[in-house]
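Subject: Structure handover

Hello,

Here is the structure I promised to pass on. Please open it first, then read my notes below.

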Amino acid sequence: MRACKRIVEIGDGIGEISMKKKGLFYLLEPVPLYLGAAIFLIAAVAFQIAGKGTTVTAYTADALALYFSCRAVPSLHRLWSKRMKPRLLSVKRIRMMADDAQYRTVLFTYGSLGINVLYAVSKLVMGCLFSSLWFITLAGYYFILSLVRFMILRAERRGGRIAECEAKRLHELRICRNSAVLLFLLTGAVLAMIWLVIYRNEGHRYPGSIIYLAALFTFYKIIFASVNLHRTGKTGSILLASIRQINYADALVSVISLQTAMFASFSDGTTDIRLMNTLTGNAVCILILLMAVHMMRFSARESRKIRF
(Lines give C-alpha, C1' and ligand atoms only; values in the text may rest on other atoms or scores of the structure.)
Protein backbone atom coordinates (compact mmCIF):
# COMPACT_ATOMS: atom_id res chain seq x y z
CA MET A 1 0.00 0.00 0.00
CA ARG A 2 2.80 2.39 0.85
CA ALA A 3 4.45 1.64 -2.48
CA CYS A 4 1.18 2.37 -4.31
CA LYS A 5 0.77 5.69 -2.46
CA ARG A 6 4.35 6.61 -3.28
CA ILE A 7 3.78 5.86 -6.97
CA VAL A 8 0.65 8.05 -6.96
CA GLU A 9 2.55 10.91 -5.30
CA ILE A 10 5.36 10.67 -7.87
CA GLY A 11 2.79 10.61 -10.69
CA ASP A 12 1.06 13.74 -9.32
CA GLY A 13 4.42 15.52 -9.11
CA ILE A 14 5.29 14.63 -12.67
CA GLY A 15 1.83 15.82 -13.77
CA GLU A 16 2.31 19.18 -12.10
CA ILE A 17 5.74 19.62 -13.71
CA SER A 18 4.35 18.70 -17.13
CA MET A 19 1.47 21.15 -16.70
CA LYS A 20 3.95 23.91 -15.82
CA LYS A 21 6.04 23.08 -18.85
CA LYS A 22 2.90 23.02 -20.97
CA GLY A 23 1.91 26.45 -19.67
CA LEU A 24 5.37 27.80 -20.39
CA PHE A 25 5.27 26.27 -23.86
CA TYR A 26 1.80 27.77 -24.32
CA LEU A 27 3.26 31.22 -23.72
CA LEU A 28 6.43 30.76 -25.79
CA GLU A 29 4.99 28.84 -28.74
CA PRO A 30 3.44 31.82 -30.61
CA VAL A 31 6.39 34.20 -30.02
CA PRO A 32 7.88 33.57 -33.51
CA LEU A 33 4.46 34.36 -34.99
CA TYR A 34 4.30 37.67 -33.11
CA LEU A 35 7.84 38.59 -34.15
CA GLY A 36 7.19 37.66 -37.78
CA ALA A 37 3.96 39.66 -37.89
CA ALA A 38 5.62 42.72 -36.31
CA ILE A 39 8.71 42.59 -38.54
CA PHE A 40 6.84 42.18 -41.82
CA LEU A 41 4.17 44.74 -40.90
CA ILE A 42 6.91 47.30 -40.19
CA ALA A 43 8.62 46.36 -43.45
CA ALA A 44 5.36 46.72 -45.43
CA VAL A 45 4.67 50.17 -43.96
CA ALA A 46 8.29 51.23 -44.58
CA PHE A 47 8.01 50.27 -48.27
CA GLN A 48 4.82 52.31 -48.59
CA ILE A 49 6.33 55.37 -46.93
CA ALA A 50 9.43 55.09 -49.15
CA GLY A 51 7.22 55.03 -52.26
CA LYS A 52 8.27 51.48 -53.21
CA GLY A 53 4.93 49.83 -52.53
CA THR A 54 4.63 48.35 -56.03
CA THR A 55 7.91 46.39 -56.04
CA VAL A 56 8.08 42.60 -55.77
CA THR A 57 9.82 42.88 -52.41
CA ALA A 58 7.04 45.09 -51.06
CA TYR A 59 4.34 42.65 -52.24
CA THR A 60 6.27 39.80 -50.61
CA ALA A 61 6.44 41.73 -47.34
CA ASP A 62 2.68 42.45 -47.57
CA ALA A 63 1.89 38.76 -48.15
CA LEU A 64 4.12 37.59 -45.29
CA ALA A 65 2.69 40.26 -42.97
CA LEU A 66 -0.82 39.05 -43.78
CA TYR A 67 0.15 35.39 -43.26
CA PHE A 68 1.87 35.91 -39.90
CA SER A 69 -0.90 38.25 -38.71
CA CYS A 70 -3.61 35.71 -39.51
CA ARG A 71 -1.64 33.01 -37.69
CA ALA A 72 -0.90 35.23 -34.68
CA VAL A 73 -4.43 36.57 -34.08
CA PRO A 74 -5.94 33.31 -32.69
CA SER A 75 -2.93 32.84 -30.40
CA LEU A 76 -3.24 36.40 -29.15
CA HIS A 77 -6.95 35.89 -28.51
CA ARG A 78 -6.30 32.73 -26.44
CA LEU A 79 -3.49 34.44 -24.55
CA TRP A 80 -5.71 37.45 -23.84
CA SER A 81 -8.82 35.54 -22.74
CA LYS A 82 -7.11 32.86 -20.63
CA ARG A 83 -4.10 34.64 -19.15
CA MET A 84 -4.04 38.40 -19.49
CA LYS A 85 -7.70 39.38 -19.07
CA PRO A 86 -8.27 37.68 -15.67
CA ARG A 87 -5.08 39.22 -14.30
CA LEU A 88 -5.96 42.68 -15.57
CA LEU A 89 -9.49 42.49 -14.16
CA SER A 90 -8.05 41.74 -10.74
CA VAL A 91 -6.77 45.36 -10.66
CA LYS A 92 -9.42 47.71 -9.24
CA ARG A 93 -8.94 50.59 -11.70
CA ILE A 94 -8.99 48.32 -14.73
CA ARG A 95 -12.10 46.55 -13.42
CA MET A 96 -13.78 49.96 -13.05
CA MET A 97 -12.86 50.75 -16.66
CA ALA A 98 -14.47 47.51 -17.80
CA ASP A 99 -17.66 47.87 -15.75
CA ASP A 100 -18.31 51.65 -15.61
CA ALA A 101 -18.99 53.23 -19.02
CA GLN A 102 -18.83 56.82 -17.72
CA TYR A 103 -15.53 56.28 -15.90
CA ARG A 104 -14.06 54.64 -19.02
CA THR A 105 -15.28 57.41 -21.33
CA VAL A 106 -13.98 60.19 -19.07
CA LEU A 107 -10.59 58.47 -18.79
CA PHE A 108 -10.26 58.11 -22.56
CA THR A 109 -11.33 61.74 -22.98
CA TYR A 110 -8.22 62.79 -21.05
CA GLY A 111 -6.15 60.98 -23.66
CA SER A 112 -8.09 62.60 -26.49
CA LEU A 113 -7.57 66.00 -24.88
CA GLY A 114 -3.81 65.49 -24.78
CA ILE A 115 -3.71 64.42 -28.43
CA ASN A 116 -5.87 67.40 -29.47
CA VAL A 117 -3.57 69.85 -27.67
CA LEU A 118 -0.49 68.34 -29.35
CA TYR A 119 -2.21 68.54 -32.75
CA ALA A 120 -3.26 72.15 -32.15
CA VAL A 121 0.23 73.27 -31.12
CA SER A 122 1.96 71.40 -33.97
CA LYS A 123 -0.45 72.76 -36.60
CA LEU A 124 -0.07 76.29 -35.25
CA VAL A 125 3.73 76.04 -35.38
CA MET A 126 3.61 74.67 -38.93
CA GLY A 127 1.16 77.39 -39.95
CA CYS A 128 3.48 80.10 -38.62
CA LEU A 129 6.59 78.54 -40.15
CA PHE A 130 5.08 78.01 -43.62
CA SER A 131 2.60 80.94 -43.55
CA SER A 132 -0.17 78.42 -44.21
CA LEU A 133 -3.77 79.47 -43.56
CA TRP A 134 -4.77 75.78 -43.80
CA PHE A 135 -2.57 74.75 -40.85
CA ILE A 136 -3.69 77.76 -38.82
CA THR A 137 -7.34 76.85 -39.45
CA LEU A 138 -6.66 73.26 -38.37
CA ALA A 139 -4.99 74.61 -35.24
CA GLY A 140 -8.10 76.67 -34.49
CA TYR A 141 -10.30 73.61 -34.93
CA TYR A 142 -8.19 71.50 -32.57
CA PHE A 143 -7.97 74.31 -30.02
CA ILE A 144 -11.78 74.57 -29.91
CA LEU A 145 -12.08 70.78 -29.67
CA SER A 146 -9.55 70.79 -26.82
CA LEU A 147 -11.46 73.58 -25.09
CA VAL A 148 -14.74 71.63 -25.26
CA ARG A 149 -13.18 68.49 -23.83
CA PHE A 150 -11.28 70.41 -21.14
CA MET A 151 -14.46 72.19 -20.06
CA ILE A 152 -16.39 68.92 -19.82
CA LEU A 153 -13.62 67.20 -17.84
CA ARG A 154 -13.23 70.11 -15.42
CA ALA A 155 -16.97 70.26 -14.87
CA GLU A 156 -17.04 66.49 -14.33
CA ARG A 157 -14.44 66.78 -11.55
CA ARG A 158 -16.43 69.54 -9.88
CA GLY A 159 -19.67 67.64 -10.27
CA GLY A 160 -18.23 64.69 -8.37
CA ARG A 161 -18.28 66.82 -5.19
CA ILE A 162 -22.02 67.58 -5.47
CA ALA A 163 -24.06 65.20 -3.32
CA GLU A 164 -27.61 66.39 -4.02
CA CYS A 165 -29.18 64.67 -7.06
CA GLU A 166 -31.06 67.69 -8.45
CA ALA A 167 -28.07 70.00 -8.06
CA LYS A 168 -25.85 67.44 -9.76
CA ARG A 169 -28.29 67.06 -12.66
CA LEU A 170 -28.49 70.84 -13.08
CA HIS A 171 -24.69 70.94 -13.13
CA GLU A 172 -24.59 68.30 -15.91
CA LEU A 173 -27.25 70.21 -17.86
CA ARG A 174 -25.06 73.32 -17.73
CA ILE A 175 -22.22 71.20 -19.13
CA CYS A 176 -24.54 70.13 -21.95
CA ARG A 177 -25.54 73.75 -22.70
CA ASN A 178 -21.96 75.05 -22.69
CA SER A 179 -20.87 72.17 -24.91
CA ALA A 180 -23.59 73.13 -27.38
CA VAL A 181 -22.33 76.73 -27.47
CA LEU A 182 -18.81 75.53 -28.23
CA LEU A 183 -20.17 73.22 -30.91
CA PHE A 184 -21.41 76.34 -32.72
CA LEU A 185 -17.85 77.70 -32.59
CA LEU A 186 -16.55 74.36 -33.80
CA THR A 187 -18.91 74.57 -36.78
CA GLY A 188 -17.35 77.93 -37.66
CA ALA A 189 -13.90 76.34 -37.73
CA VAL A 190 -15.21 73.49 -39.89
CA LEU A 191 -16.77 76.00 -42.31
CA ALA A 192 -13.40 77.75 -42.61
CA MET A 193 -11.75 74.40 -43.40
CA ILE A 194 -14.37 73.63 -46.06
CA TRP A 195 -13.92 77.07 -47.65
CA LEU A 196 -10.17 76.45 -47.95
CA VAL A 197 -10.79 72.99 -49.42
CA ILE A 198 -13.26 74.30 -52.03
CA TYR A 199 -11.69 77.58 -53.07
CA ARG A 200 -7.97 77.07 -52.37
CA ASN A 201 -7.68 73.36 -53.07
CA GLU A 202 -6.29 72.70 -49.59
CA GLY A 203 -6.73 69.40 -47.77
CA HIS A 204 -5.07 66.34 -46.33
CA ARG A 205 -2.68 64.29 -48.46
CA TYR A 206 -1.15 60.93 -47.59
CA PRO A 207 1.87 59.29 -49.28
CA GLY A 208 1.45 55.96 -51.09
CA SER A 209 -0.89 53.41 -49.58
CA ILE A 210 -1.08 55.22 -46.22
CA ILE A 211 -4.40 56.52 -47.54
CA TYR A 212 -5.86 53.03 -46.96
CA LEU A 213 -4.82 53.08 -43.31
CA ALA A 214 -6.34 56.55 -42.95
CA ALA A 215 -9.58 55.30 -44.53
CA LEU A 216 -9.67 52.28 -42.22
CA PHE A 217 -9.14 54.46 -39.16
CA THR A 218 -11.81 56.94 -40.27
CA PHE A 219 -14.39 54.20 -40.85
CA TYR A 220 -13.57 52.69 -37.47
CA LYS A 221 -13.86 56.12 -35.85
CA ILE A 222 -17.27 56.97 -37.34
CA ILE A 223 -18.71 53.49 -36.62
CA PHE A 224 -17.36 53.47 -33.05
CA ALA A 225 -18.68 56.99 -32.38
CA SER A 226 -22.10 56.13 -33.85
CA VAL A 227 -22.45 52.95 -31.77
CA ASN A 228 -21.40 54.73 -28.58
CA LEU A 229 -23.80 57.60 -29.26
CA HIS A 230 -26.64 55.11 -29.74
CA ARG A 231 -25.78 53.31 -26.49
CA THR A 232 -25.68 56.55 -24.52
CA GLY A 233 -29.49 56.81 -24.53
CA LYS A 234 -29.71 53.66 -22.42
CA THR A 235 -27.42 55.02 -19.68
CA GLY A 236 -29.32 58.26 -19.04
CA SER A 237 -26.06 60.10 -18.28
CA ILE A 238 -26.03 63.70 -19.54
CA LEU A 239 -22.27 63.98 -19.09
CA LEU A 240 -21.68 60.80 -21.09
CA ALA A 241 -24.02 62.04 -23.83
CA SER A 242 -22.15 65.36 -24.08
CA ILE A 243 -18.77 63.66 -24.42
CA ARG A 244 -19.98 61.21 -27.04
CA GLN A 245 -21.73 63.86 -29.11
CA ILE A 246 -18.44 65.78 -29.22
CA ASN A 247 -16.70 62.56 -30.30
CA TYR A 248 -19.32 62.06 -33.01
CA ALA A 249 -18.82 65.61 -34.31
CA ASP A 250 -15.06 64.99 -34.45
CA ALA A 251 -15.65 61.74 -36.37
CA LEU A 252 -17.84 63.59 -38.89
CA VAL A 253 -15.05 66.09 -39.54
CA SER A 254 -12.70 63.16 -40.16
CA VAL A 255 -14.97 62.14 -43.06
CA ILE A 256 -14.27 65.49 -44.76
CA SER A 257 -10.54 65.02 -44.26
CA LEU A 258 -10.68 61.52 -45.72
CA GLN A 259 -12.70 62.66 -48.74
CA THR A 260 -10.25 65.44 -49.62
CA ALA A 261 -7.33 63.01 -49.25
CA MET A 262 -9.01 60.39 -51.47
CA PHE A 263 -9.78 62.95 -54.17
CA ALA A 264 -6.15 64.09 -54.06
CA SER A 265 -4.95 60.48 -54.46
CA PHE A 266 -7.48 58.93 -56.86
CA SER A 267 -9.22 61.68 -58.81
CA ASP A 268 -8.98 61.26 -62.59
CA GLY A 269 -10.33 64.72 -63.43
CA THR A 270 -13.84 63.58 -64.39
CA THR A 271 -15.38 64.05 -60.91
CA ASP A 272 -16.67 67.44 -59.85
CA ILE A 273 -14.51 67.64 -56.73
CA ARG A 274 -15.72 71.08 -55.72
CA LEU A 275 -19.37 69.97 -55.78
CA MET A 276 -18.67 66.78 -53.80
CA ASN A 277 -16.67 68.65 -51.15
CA THR A 278 -19.41 71.29 -50.92
CA LEU A 279 -22.13 68.68 -50.41
CA THR A 280 -20.17 66.66 -47.85
CA GLY A 281 -19.00 69.75 -45.98
CA ASN A 282 -22.49 71.23 -45.79
CA ALA A 283 -23.95 67.90 -44.63
CA VAL A 284 -21.36 67.64 -41.84
CA CYS A 285 -21.93 71.24 -40.72
CA ILE A 286 -25.72 70.75 -40.69
CA LEU A 287 -25.39 67.59 -38.59
CA ILE A 288 -23.12 69.33 -36.07
CA LEU A 289 -25.49 72.32 -35.89
CA LEU A 290 -28.47 70.01 -35.35
CA MET A 291 -26.61 68.30 -32.50
CA ALA A 292 -25.82 71.68 -30.94
CA VAL A 293 -29.46 72.83 -31.22
CA HIS A 294 -30.68 69.53 -29.75
CA MET A 295 -28.29 69.85 -26.82
CA MET A 296 -29.41 73.45 -26.17
CA ARG A 297 -33.11 72.56 -26.27
CA PHE A 298 -32.62 69.45 -24.14
CA SER A 299 -30.69 71.31 -21.44
CA ALA A 300 -33.25 74.16 -21.35
CA ARG A 301 -36.24 71.77 -21.18
CA GLU A 302 -34.78 69.55 -18.47
CA SER A 303 -33.63 72.57 -16.42
CA ARG A 304 -37.18 73.98 -16.45
CA LYS A 305 -38.55 70.62 -15.25
CA ILE A 306 -36.21 70.62 -12.25
CA ARG A 307 -36.68 74.26 -11.30
CA PHE A 308 -40.43 74.49 -11.78
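Trp195 and Tyr199 sit four residues apart in helix α7 (residues 165-199), so about one helical turn separates them. Helices here are DSSP runs of H or I with at least four residues; strands are runs of E with at least two; both are numbered from the N terminus. This is a predicted model: local features need pLDDT of at least 70, side-chain atom pairs count only at pLDDT 80 or more, and totals for chains, interfaces and linings use all residues. Residues are numbered from 1 along each chain as its sequence is written, and side-chain values use heavy atoms, with hydrogens and water left out.

Back to the rings. The structure holds five aromatic pairs. Rings of Phe, Tyr and Trp (its six-membered ring) pair if their centres lie within 6.5 Å; planes under 30 degrees apart are stacked, over 60 edge-to-face, and the rest tilted. Trp195 is partly exposed, at 43% relative accessible area. Tyr199 counts as exposed, at 53%. (Buried means under 20% relative accessible area, exposed over 50%, partly exposed in between, with a 1.4 Å probe and protein chains only.)

Tyr212 and Phe266 also form a tilted pair: 6.1 Å between centres, 45° between planes. This pair links distant parts of the chain, with Tyr212 in α8 (residues 210-235) and Phe266 in α9 (residues 238-266), 54 residues apart. Tyr212 is exposed at 52%; Phe266 is partly exposed at 44%. Ring pairs also join Tyr119, Tyr141 and Tyr142 into a cluster.

Next, the core. A nonpolar core is a set of buried Ala, Val, Leu, Ile, Met, Phe, Trp, Tyr and Cys residues joined through side-chain atoms within 4.5 Å. The largest has 48 residues, and those touching the most other members include Trp134, Tyr141 and Ile152. α7 gives the most to this core, with 15 residues. Leaving aside neighbours within four places in sequence, Ile152 is in contact (heavy atoms within 4.5 Å) with residues including Ile175, Leu239 and Ile246.

Last, a helix pair. The axes of α4 (residues 92-99) and α5 (residues 101-130) come within 5 Å and cross at roughly 105°. Axes are lines fitted to C-alpha atoms, for helices over the stretch in contact, and angles run from 0 to 180 degrees between N-to-C directions. α4 and α5 are therefore roughly perpendicular (65 to 115 degrees; under 35 is roughly parallel, over 145 roughly antiparallel, the rest oblique).

Best wishes
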